[in-house]
Amino acid sequence: MRSRRNLCGQVVHDLGCKILAGEWNPGDPLPQEVALCDTMGVSRTVIREAIKSLAAKGLVQSRAKRGTIVQPARSWNYLDPEVLDWQTQADDSGQLLFHLTEFRQAIEPAAAALAAERGSDEDLRKIETACQEMADNTDNLEAFLQADLKFHTEILHATANPFFSPVANVISVSLESSLRVTNRQATDNRTSIPPHQAVAKAICDRKPEQARAAMVALLGDAAARIQNAADSQ
């Protein structure tokens with residue numbers, strides 16, 4: 001028998017996916033508690049806990065005499081890992097990857113510059129190690145993906161600014177989605193190594209503006225690969 005916590009998590013997932021897939025539009029009320037209990041086979045307590053979780057993510061708001069109302073998309077917490085996951089599942093147009101890439105282009109060059117300025121010696125060692133792991137795993141897409149994610153995440157942490165850390169969720173989804181589209185062969189992985197090495201070198205040499213420019217170039221190359229893949233479909 002599943003615990004109430006597991007049941008609640010499943011209900012949150014199911015309702016969240018339905019909201020992001022457009023089954024209920026912003027301004028629409030969710031079905032009443034009794035109906036949700038019958039449909040999902042859970043108690044009112046589980047439904048109420050799930051609604052609280054969705055409200056914390058910005059997806060719904062409970063209103064007196066109106067019930068639980070779906071919020072506009074601008075209220076949703078897209079940095080929440082679950083919301084990102086649901087958005088990925090609901091993305092039939094392919095626009096999410098372009099939006100994620102634009103977001104990264106706005107954030108990561110600044111992060112690279114700050115990492116060059118503020119990163120500790122240990123931070124820089126981790127960035128170098130992740131870059132080397134990418135080079136060592138060009139023939140293994142999954143290992144390459146994990147090393148690539150580690151590379152970008154360590155740069156965010158090296159900024160010494162805690163507000164950059166949640167962006168790692170965005171980068172994780174973006175990298176996994178983009179690499180599965182653009183890096184289908186080992187040669188694709190190998191050609192992306194030099195731009196990463198340029199970023200790592202600039203950061204480790206503690207040259208902020210060079211690090212910023214190198215990250216701009218890296219993400220520009222990634223954006224071009226994504227566009228080429230989309231055009232060829």
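User: Is Glu133 buried, exposed or partly exposed?
Analyst: In this predicted model, Glu133 is partly exposed, because its relative accessible area is 29%, and a residue counts as buried only under 20%.

User: Which residue does the Glu133 side chain meet in a salt bridge?
Analyst: The partner is Lys150, with an N to O distance of 3.5 Å. The pair links distant parts of the chain, since Lys150 belongs to helix H7 and Glu133 to helix H6, 17 residues apart. Lys150 has a relative accessible area of 31% and is therefore partly exposed.

User: And what about Arg125, which residue does it form a salt bridge with?
Analyst: Arg125 forms one with Glu122, and their closest N and O atoms are 2.6 Å apart. Both residues lie in helix H6, three residues apart, which is about one turn of the helix. Arg125 counts as partly exposed at 42% relative accessibility, and Glu122 counts as partly exposed at 38%.

User: How many salt bridges are there by this rule?
Analyst: The count comes to 13. Among them is the bridge between Asp205 and Lys201, with the closest N and O atoms 2.7 Å apart. Asp205 is partly exposed at 35%, whereas Lys201 counts as exposed at 53%.

User: Changing topic to H10: which of its residues are buried?
Analyst: Ile193, His196, Val199, Ala200, Ala202 and Ile203 are buried in H10. The cover over these buried residues includes helices H5, H6, H7, H9 and H11. Helix H10 spans residues 193-204 and reaches 16 Å from its first C-alpha to its last, close to the 16 Å expected. Arg206 follows H10 and has a positive phi, near 55 degrees.

User: What does Ile203 touch?
Analyst: Leaving aside residues up to four places away in sequence, Ile203 touches Ala112, Ala115, Ala116, Leu124, Ile127, Ile155 and Ala211.

User: Which residues touch the most other members of the largest nonpolar core?
Analyst: In that core of 34 residues, they are Ile127, Phe151, Ile155, Leu156, Val199 and Ile203. H5, H6, H7, H8, H10 and H11 each supply at least two residues of this core. The largest share, seven residues, comes from H7. A second, separate core has 23 residues, including Cys17, Val42, Ala50 and Leu54.

User: Last topic, the strands: in which sense do S1 and S2 pair?
Analyst: Strand S1 (residues 60-63) and strand S2 (residues 67-70) pair in the antiparallel sense over four bridges. The bridge partner of Gln61 is Ile69 in S2. Three residues lie between the strands of this hairpin, where Lys65 takes a positive phi near 70 degrees.

Note on methods: Residues numbered from 1 in each chain as written. Predicted model: local features only at pLDDT ≥ 70, side-chain atom pairs only at ≥ 80, totals over all residues. Heavy atoms only, no water. Expected span 1.5 Å × (residues − 1). Buried < 20%, exposed > 50% of the residue type's maximum accessible area, 1.4 Å probe, protein only. Contact = heavy atoms within 4.5 Å. Core = buried A, V, L, I, M, F, W, Y, C linked by side-chain atoms within 4.5 Å. Pairing = 2+ DSSP bridges. Salt bridge = Lys/Arg side-chain N within 4 Å of Asp/Glu carboxyl O.
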